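Hi everyone, thanks for coming along. I'd like to take a few minutes to walk you through the structure on the screen.

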Amino acid sequence: MSANTEPTGQQQPAAGDAAQNVVRNAVKDSAFLRACRREPVPHTPVWFMRQAGRSLPEYHKVREGIPMLESCQRPDLVAEITLQPVRRHGVDAAIYFSDIVVPLKAIGIDLDIKPGVGPVVQDPIRSRADLARLRDLTPDDVAYVTEAIGLLTAELGATPLIGFAGAPFTLASYLVEGGPSRNHEHTKALMYGDPQLWADLLDRLAEITSAFLKVQIEAGASAVQLFDSWVGALAPADYRRSVLPASAKVFRAVESYGVPRIHFGVGSGELLGLMGEAGADVVGVDWRVPLDEAVRRVGPGKALQGNLDPAVLFATPEAVMTKTDEVLEAAAGLDGHVFNLGHGVLPTTDPDALTRLVEYVHARTASA
């Protein structure tokens, strides 16, 4: 046997495999994932909800003339939009560009995203017969997601990618109301008036949501966030009885993948403890509850994410720094903190304000 011949059965890893392992280890050791796991970090990691698009001129340029749902189904466009805030702001994580109704569209629900309105469902789901329209989601239904995440992980390097989905309650609200709602009249009428149908509806949506998150994780997402945008409309007792079981089912479904699971709801200050009970590793907090109070409500064993008021970014740079300091000081005793806004980036936000905010948080929290 020559000196350059490998012994039988001891094949060496290819150079490409070794390089991929280096990247995977760098992602795993990133400040964002370390914070999610409540491990020491070199600085507080930062990312923004709705950072992929909304306020960026380059986003509006590439999406010009392309409807929202179509843009979510084009892998090259999804990858470009997802990468834009990483390039511009230097955030610590990317979030996959999509919309919470994408899996519903993928299984054949007749809906559209109307500019200035939001998702509009042609035929709302309000009876047991309507449940049959909510078939299982398969990976083939969202093959463009797998392709887009492949493109992204090849470009992101050590920056983690967050996958996401809408939580069962919020999806149910859109389906039952037929679109956005201020008071959720039809949703609550169904929840209170036919609790078994409501439970069956949320259970089916939990299955669809779980399948959608699994596709993203298996394609390469390093963390996932479950958005419950409308859950703040509920009282705690209603959440525990009528919503928590379905959200918990989603978190259990992806637990075995070992990626951090984030749970966020708007106006959910009274629900923070219950949302933590649902099974998330990280609980997102909106701007209405200080983080030092939020940790008391959530309890031990969870990292927190948040929670600068998005409207603060319209103030002077000095005022933004002052309010950011308040958030960081409230988070000083947390066992794991991911800096974020208390809701999504507002469309007319100055992108430079976001860039300055990332730089300020990194500098302010950098380890000595």
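This is a predicted model: local features need pLDDT of at least 70, side-chain atom pairs count only at pLDDT 80 or more; totals for chains, interfaces and linings use all residues.

The chain has 16 helices and nine strands. Its radius of gyration is 21 Å, close to the 21 Å that the globule rule gives for 368 residues, so the chain is as compact as a globular protein of that length. If you follow the C-alpha trace along its principal axes, it spans about 75 × 55 × 45 Å.

How much of the chain is buried? Of the 368 residues, 54% are buried. The accessible surface comes to about 15900 Å², and carbon and sulfur atoms account for 51% of that. As for contacts, take those between residues at least 6 apart in sequence: 72% of them join residues at least 24 apart.

Now to the pockets. The largest pocket holds about 1300 Å³ of space, and 45 residues line it. Nearest its centre you'll find Arg50, Arg54, Met68, Asp99 and Pro119. Helix 3 (57-62), strand 2 (111-114) and strand 3 (118-121) are the elements that give two or more residues to this lining. Which element gives the most? That would be strand 2, with three residues. By residue type, the lining of the largest pocket divides into 24 nonpolar, 13 polar and eight charged.

On to the second largest pocket, with about 600 Å³ of space. Here 26 residues form the lining, and Arg24, Val27, Gly220, Ala221 and Ser222 are the closest to the centre. The elements giving two or more residues are helix 1 (15-28), helix 2 (31-36) and helix 7 (143-156). Helix 1 supplies the largest share of this lining, five residues. The residue types here are 13 nonpolar, seven polar and six charged.

Last stop: alanine 331. You can find alanine 331 in the loop between helix 15 (317-330) and strand 9 (337-338). Is alanine 331 buried or exposed? Its relative accessible area is 7%, and buried means under 20%, so alanine 331 counts as buried. Leaving aside residues up to four places away in sequence, alanine 331 touches Leu291 and His337.

Methods
Residues are numbered from 1 along each chain as its sequence is written. Side-chain values use heavy atoms; hydrogens and water are left out. On a 1 Å grid over the protein atoms alone, a cavity is a set of points where a 1.4 Å probe fits but cannot get out, and a pocket is an open set with protein on both sides within 12 Å along at least five of seven lines; lining residues have an atom within 4 Å of a point. Grid points are joined across faces, edges and corners, and a volume is the space filled by probe spheres set on the points. Helices (H or I, at least four residues) and strands (E, at least two) are DSSP runs, numbered from the N terminus. Ala, Val, Leu, Ile, Met, Phe, Trp, Tyr, Cys and Pro count as nonpolar, Asp, Glu, Lys and Arg as charged, and the others, Gly among them, as polar. Buried means under 20% relative accessible area, exposed over 50%, partly exposed in between (1.4 Å probe, protein chains only). Contact means heavy atoms within 4.5 Å. The radius of gyration is taken over C-alpha atoms; the globule rule is 2.2 Å times the number of residues to the power 0.38. Accessible areas come from the Shrake-Rupley method with a 1.4 Å probe; for residues, only the protein chains shown count as cover.
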